[in-house]
Amino acid sequence: MTCRDVRDNAEAFVAGELNESATQALLRHLETCVECRQEVETLRTLRTSVRGAFDRAHELQAQPEFLARLDRTLRSQVRPATGAVTQSQSQAPVEIAGAVDTRTPPPVSARYAWLAVAAALLLAMSIGLFWARAARHDDEALALDAAGDHRNCAIAFALDEKPIPLGEAARRYDPAFDVLETLPPDQISTPAGAAQVVARHSCLYHGRRFAHVVMKYRGSLVSLLVAASDDERADRTLRAVDSLSVISWHVPRHAILVVSDLPAPDLRALATAAAEPLSSRLAGAMALNILPSVRIAADIRRHGPGPIRVGLCHFATPSLCAAQ
Amino acid sequence: MWAAFEAEALPHAPRLFRLAMWAERNRAEAEDAVQETLTQALQLFDRYRPGTNCRAWLLTILQNVINNRRRARQRSPMVPDPDDRRAEGLPFVPPVPQHLTDEDILGALARLPQSVQDIIVLRDVEELSYKEIAASLAIPLGTVMSRLHRARSLLRAELGREPVHAREEHLDRS
């Protein structure tokens, strides 16, 4: 194999797509050719760098609010009883291979206008039911995810993605996560005994981003989790998820969940002790939430008069880039 | 069916969003593209073969959605790909600078033609196999190889085009 052959095949070699005999020939060449070894190493580094740059680009990450909304929207397309997908006119199947969109507007005959009125009334009633059901589904899904996160993060350390510090998660995903840096306090007193905070971080489970405080309480691990949620019901709900109890309640834009295998009364005592001032601080954080563009401007200002890295400004804030 | 979809497909939503965001450069457009993709995937989920690469299947749908949106906007008209030819005619590829920041890399990639960006992202970021890339972009396997070879050279040429610091100063002045 010549140097030219190696250059032509290096991409496939690094990608693991070269056949066995060509791979062997290329490896033999690399043993004796420093330049080609460097070429292969450069390719490897370049690929890793591109992947790393995408992983670290904040602008490319999905917001938790969007993921929660997406989950709700998709769930609403499934008939609860059968699990079959509802195919309305506006969501008709699309042939992928040919990318042919088969959507057509529904014909409405003027002669049957009264039917449309009756349908509108039915629709209005269904929308009410739909929202109630959608909110319940979202709440249930949240409780399931919280229980899953407790098991896989607090108990088993088996998450696909390593947890990150709360401060970093607040910058990248949700400014309200900053509140969990100090709340609840490291030690919480309850009538049933004290709870001790053992870890604070942010983790991703099932596509949902949580702020996660792990506590030790009455010999068990307890997870206090905060996630984005549009539901605003403030009353506390207790759910049993397999062998775990999940207590959840909502503040504006967020849900707070406490998960453990402890008996419900013990967990309720801890949830009550932790609820204040956490709920009011989270609600306050959302009321004072600064718009992302303003935060970016503030970040840029903080850099002072020196060179500013604005390589990604074209995504979100072109006007800010121009202003610089 | 929802349970299987929720377990297999839904966890890939953040990765789908990342690719959509890169392609659309706009959060609202990217969110629409991901929602449209997963809506189609849910409706077609009985066609998905368990045990195969679900992410690659979803990326194929997403790529299609993005292409349709580009066509609809006529922002980036689909033309026969000019990169199918072999890369012999490429200019000299300068060495890749030693110290590159994420901004250098993403900036250089963003300046390349769309078809070049697509294939680099599917290979390097999404780590799809050549076969999966071929299905995703609806191009022959041989084209994947030649296009990737050319794309890599173009990216290296872009990275080595001018000193990194000179570009930073240029951006700083703009």
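**Exercise 1.** Is Ser279(A) buried or exposed?

Solution. Start with the cut-offs: buried means under 20% relative accessible area, exposed over 50%, and partly exposed in between, using a 1.4 Å probe and protein chains only. Ser279(A) has a relative accessible area of 11%, so it is buried. Then look for contacts, meaning heavy atoms within 4.5 Å. Setting aside neighbours within four places in sequence, Ser279(A) touches Trp249(A), Val251(A) and Ile256(A).

A word on the ground rules: this is a predicted model, where local features need pLDDT of at least 70, side-chain atom pairs count only at pLDDT 80 or more, and totals for chains, interfaces and linings use all residues. Residues are numbered from 1 along each chain as its sequence is written, chains are lettered from A and ligands numbered from 1 in the order in which they are written, and side-chain values use heavy atoms, with hydrogens and water left out.

**Exercise 2.** Work out how many disulfides there are over all chains.

Solution. A disulfide here is a pair of cysteine sulfur atoms within 2.5 Å. Check Cys36(A): its nearest cysteine sulfur, on Cys33(A), is 3.6 Å away, and Cys36(A) is in no disulfide. Cys36(A) is also buried, at 0% relative accessibility. Now try Cys153(A): the sulfur of Cys203(A) is the nearest one, 3.9 Å off, and again there's no disulfide. Cys153(A) is buried too, with a relative accessible area of 5%.

**Exercise 3.** Find out where chain A has pLDDT below 50.

Solution. pLDDT is the predictor's confidence in each residue, from 0 to 100. Chain A averages 74, and 69% of the residues score at least 70. Residues 88–112 of chain A fall below 50, and this stretch has 28 contacts in the model beyond near neighbours in sequence. Residues 129–133 of chain A also stay under 50, with two contacts beyond four places in sequence.

**Exercise 4.** Say which helix gives the most to the lining of the second largest pocket.

Solution. H5(A) does, with seven residues. Helix H5 covers 113–155 of chain A, and chain B contributes as well, through helix H1 (2–8) and helix H2 (13–24).

Methods
Helices (H or I, at least four residues) and strands (E, at least two) are DSSP runs, numbered from the N terminus.
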